Amino acid sequence: MRMLFAALLSLPLLAGGGGTVAFKQTAFMAEVAATDQEKAKGLMYRQSLAKDRCMFFVYSEDGDHAIWMKNCLIALDVAWVDAEGRVVETAEHVPPCSPMRGDDCPTYGGTVPARHFIEFAAGTFKRIGLKKGDRLGWELVLDEGRTLRGGAPLPKARKK
């Protein structure tokens, strides 16, 4: 039974909804965390996050949205964006927090009011040159089917 539970925790359980987040010509497949439950779980227990993936945390208003790395097993780059997609705060290589620490995990970011934040694999910002002041764009479909678009225009799909 314990092995089954461990195996289930290692599966990449998708948050609700999905879509695309883009910076200039680089596009990421996004999972969406829109409900309180999805936001609380975030990327907990993930053993990896592909370099072309991210998780977008949706909020209806600006706020100080700090992240807590409880039960997160991977390092992340995090961008906090305003309603227009402008990056207002970043944190690079945010370290994981072992489940062995219980609730004794630090928080990161949330020092500047932001509308949303997006978590990427560590090293992404350096790889794509993302920094504070840049603009991200997104097109997301939420659980209930509503589309959320914002920020910079998404790059046009390339013809093959």
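Me: Let's start with phenylalanine 56. Is it buried or exposed?

Reply: Phenylalanine 56 counts as buried, because its relative accessibility is 0%. Buried means under 20% relative accessible area, exposed means over 50%, and partly exposed is in between, using a 1.4 Å probe and protein chains only. Before you go on: this is a predicted model, where local features need pLDDT of at least 70, side-chain atom pairs count only at pLDDT 80 or more, and totals for chains, interfaces and linings use all residues. Residues are numbered from 1 along each chain as its sequence is written, and side-chain values use heavy atoms, with hydrogens and water left out.

Me: Ok. How many aromatic pairs are there in the whole structure?

Reply: A search of the whole structure turns up six. Phenylalanine 56 and tryptophan 138 form a tilted one, 5.1 Å centre to centre with 50 degrees between the planes. The rule is that rings of Phe, Tyr and Trp (its six-membered ring) pair if their centres lie within 6.5 Å; planes under 30 degrees apart are stacked, over 60 edge-to-face, and the rest tilted.

Me: Where do those two sit in the chain?

Reply: Phenylalanine 56 is in strand 3 (residues 53-57) and tryptophan 138 is in strand 9 (residues 137-141), so the pair links distant parts of the chain, 82 residues apart. Strands (E, at least two residues) and helices (H or I, at least four) are DSSP runs, numbered from the N terminus. Tryptophan 138 is buried too, with a relative accessible area of 3%.

Me: Which rings link up into a cluster?

Reply: Phe57, Tyr59, Trp80 and Phe117, through ring pairs. Lysine 39 also lies over the face of tyrosine 59, 3.8 Å from the ring centre. To count, NZ of Lys or CZ of Arg must be within 6 Å of the ring centre and within 35 degrees of the ring normal.

Me: New topic. Which cysteines does the disulfide join?

Reply: Cysteine 97 and cysteine 105, at 1.9 Å from S to S. The cut-off for a disulfide is a pair of cysteine sulfur atoms within 2.5 Å, and the whole structure has one. The torsion about the S-S bond of cysteine 97 and cysteine 105 is about -85 degrees, so the disulfide is left-handed.
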